[in-house]
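Please look at the sequence and the structure before we discuss them together.

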Amino acid sequence: MRQNAPIRLSDRPEINPLFLFRWEEKEQAYLLLYPEGIIKLNDSAGNILKLCTGEKTFEEVISELKTLFDSDKLEDDIYSFMEVALGKGWIRVKA
Amino acid sequence: MAKDGSELRLDGGGKPLWLVLELTYKCPLKCPWCSNPLDFSEITDELTTDEWKKVLREARELGTIQLGFSGGEPMVRKDLEELVAYAVDLGFYTNLITSGMGLTKERLAELKRVGLQQIQLSVQHSDPKINDAMVGAPSFDQKMAAAQNIKAHGFPVVMNVPVSRYNIEDVDGLVELAEKLGFEYVEFANVQYYNWALLNRSELLPTKEQLDYAEARVVKHRERLGKNMTIYFVVPDYFDGRPKACMNGWGTIHFTIAPDGKALPCQEARVIEGLEFPSVRHHSLEWIWKDSPTFMKYRGDAWMKEPCISCDEKEKDFGGCRCQAFLLTGDASNTDPACSKSKHFDIIASAVAAANSKRSPPLPLVMRTKGAVSHSLKGCGLPSQPENDEMKEKVESLTT
């Protein structure tokens, strides 16, 4: 089965092009859409994936989120979510 | 804080998140497991382009997100590209569910241009001859040509394999074919026994041994391929005594619009006699979804009888499939006979037992063709035979 991949902070995450990531007004949530499925993301997950555009490194994404949420304690949570997202193939490292 | 996303799952008061448009029942293939009605050729008053657009607007307003363009063969509709473009503009996630027949380079380029998101391509067998015999028409080469063009445009692809005893042992060949074509998903969908498939059930139903073999091979391929491919294996409900959570419950998250505008809680629902399916020609989608008697009929659990109503699994499987209950027991509010607690479970058990025993000679498959059968299946638990032998078309030498 799929393993959660370790993250290298200098890599640049982007949404896997197999998924469509977008805001859905009626759900008031970000969604990941793929063949045969809909994943509704909670606020924090949505905010993290929004920054995975292939331009920022993991390190920059984490630092930006810490500023956004005005907290230093989130690093582990953000890190582990991004590991999950990478493991599930929602995001990938930009080549 | 951040957890995995949750799968959307809403109750009857919720939104119809999934919509399938059966644009037409026309199709150049003759698959003997087709889910279309037996009298498909008599339903000819297809919705117009503008009528389909109205459906799309109203569905989006109701909160629909996932949209499938299906059929029949949706490529038969000349306005497919126009409808996809319209749906993309409205914000749907658009899926094309096709046999690949008629999916030319030009049409594919236009579908890409207007923003189609993904394609489900059906393939029956990795051996071209068997593939073509199974669908009653030369088609393998066209499917392969379409597959290459699809990947050249970078669409994500689900290879959909309707599984019966004729191809269930070809798991290795089909996965390797999908790999070669660069597909991201393979869905082995065991045929569900309604309409044409029910008519041909005794010839299509695999044996338990075949099923176990196929599942074991799927597990091996998943281990081997890891992240490179997702393999779905939709287990048939005939084998383990548990009914499927059909459509996640009647009128809960899914609806289908048939070519003539009839709104159905699932694509098979028009087999249930005595229900009046509201037409999008005469009613708003909002009324159909929220208030129509037919969509309310089996929503929730107020309709349930024993053993469902006091069953601790009723929230899990919703009593199974209403269409199967009707077709095999004559009453859509009965427990799905695929459930071992159903008093009609012997209907399913005996079909499985018959599949497991070697029979000879095999019966001919009734291919999906106009006029092949002249009456509906109902209540008897046994597929009825066509009245006229001359109307049968045979698939020969498939079992070797």
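How many cavities of 30 Å³ or more does the structure hold? There is 1. A cavity here is a set of points on a 1 Å grid over the protein atoms alone where a 1.4 Å probe fits but cannot get out, and lining residues have an atom within 4 Å of a point. This is a predicted model, in which local features need pLDDT of at least 70, side-chain atom pairs count only at pLDDT 80 or more, and totals for linings use all residues. Residues are numbered from 1 along each chain as its sequence is written, and chains are lettered from A in the order in which they are written.

The largest cavity contains about 80 Å³ of space, a volume being the space filled by probe spheres set on the grid points. Its lining includes Cys308(B), Cys311(B) and Cys339(B).

Let us turn to two helices, which are DSSP runs of H or I with at least four residues. In helix H3 (residues 105-114) of chain B, Arg107(B), Leu108(B), Leu111(B) and Val114(B) are buried, that is, under 20% relative accessible area, whereas exposed means over 50%. Those buried residues fall within an arc of 130 degrees seen down the axis of H3(B), so they line one face of the helix; the arc is taken from the directions from the axis to the C-beta atoms. The face turned away carries the exposed Lys105(B), Glu106(B) and Arg113(B).

Helix H13 (residues 322-329) of chain B has 8 of its 8 residues buried, so it is largely enclosed by the rest of the structure. After H13(B) comes Gly330(B), with a positive phi near 90 degrees.

How values were computed. Heavy atoms only, no water. 1 Å grid on protein atoms, 1.4 Å probe; cavity = no way out; pocket = protein on both sides within 12 Å on 5 of 7 lines; lining within 4 Å. Buried < 20%, exposed > 50% of the residue type's maximum accessible area, 1.4 Å probe, protein only.
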